[in-house]
Amino acid sequence: MLSEYLKKKRKSLNLTQEDLASKAGVGLRVVREMEQGKPTLRMDKVNQVLMLFGAELGVVLKVKNNE
């Protein structure tokens, strides 16, 4: 889950939410919402944060049981 990933990565680098927001160029509210698992987030903002960890959002194909 995105929220768990972000929190774990942030803490492993000894960053506060404020530090992460500043380094990513996003608002503190964005980081808080991401770590709290808000169901609707702006993909561009998520990718700004993920870039700090060498990651980005991507498409994951799901296989249906009938295929």
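This is a predicted model: local features need pLDDT of at least 70, side-chain atom pairs count only at pLDDT 80 or more; totals for chains, interfaces and linings use all residues.
Trainee: How many salt bridges does the structure hold?

Mentor: Side chains of opposite charge can pair when their charged atoms come close. A salt bridge here is a side-chain nitrogen of Lys or Arg within 4 Å of a carboxyl oxygen of Asp or Glu. The structure holds 5 salt bridges. One of them joins R29 to E33, with the closest N and O atoms 3.0 Å apart.

Trainee: Where do R29 and E33 lie in relation to the helical turn?

Mentor: Helices are DSSP runs (H or I, at least four residues), numbered from the N terminus. R29 and E33 are 4 residues apart in helix α3 (residues 28-35), and they are therefore separated by about one helical turn.

Trainee: Which residues are linked with R29 in a network?

Mentor: R29, E33 and K38 are linked in a network of salt bridges. The contact between E33 and K38 has an N to O distance of 3.7 Å. To describe the surroundings, buried means under 20% relative accessible area, exposed over 50%, and partly exposed in between (1.4 Å probe, protein chains only). By that scale R29 is exposed at 65%, E33 is buried at 18%, and K38 is partly exposed at 35%.

Trainee: What is the N to O distance in the salt bridge of D44 and R42?

Mentor: The side chains of D44 and R42 meet at 2.6 Å, N to O. D44 is partly exposed, at 38% relative accessible area, whereas R42 is exposed, at 53%.

Trainee: How many aromatic pairs does the structure hold?

Mentor: A pair of aromatic rings is described by the distance of the centres and the angle of the planes. Rings of Phe, Tyr and Trp (its six-membered ring) pair if their centres lie within 6.5 Å; planes under 30 degrees apart count as stacked, over 60 as edge-to-face and the rest as tilted. The structure holds 1 aromatic pair. Y5 and F53 form this edge-to-face pair, at 6.3 Å centre to centre and 85 degrees between the planes. Y5 lies in helix α1 (residues 2-12) and F53 in the segment after α4 (43-51), so the pair ties together parts that are 48 residues apart in sequence. Y5 is partly exposed at 33%, while F53 is buried at 12%.

Trainee: Which residues of α1 are buried?

Mentor: They are S3, L6 and R10. These residues cover an arc of only 70 degrees around the axis, which puts them on the same side of α1; the arc is that of the directions from the helix axis to the C-beta atoms. On the other side of α1, E4, K8 and S12 are exposed.

Trainee: What do the buried residues of α1 pack against?

Mentor: Contact means heavy atoms within 4.5 Å. The buried residues of α1 pack against α2 (17-24), α3 and α4. E35, in helix α3, is buried at 9%. Not counting residues up to four places away in sequence, E35 touches S3, L6, K7, R10 and Q17.

How values were computed: Residues are numbered from 1 along each chain as its sequence is written. Side-chain values use heavy atoms; hydrogens and water are left out. Helices (H or I, at least four residues) and strands (E, at least two) are DSSP runs, numbered from the N terminus.
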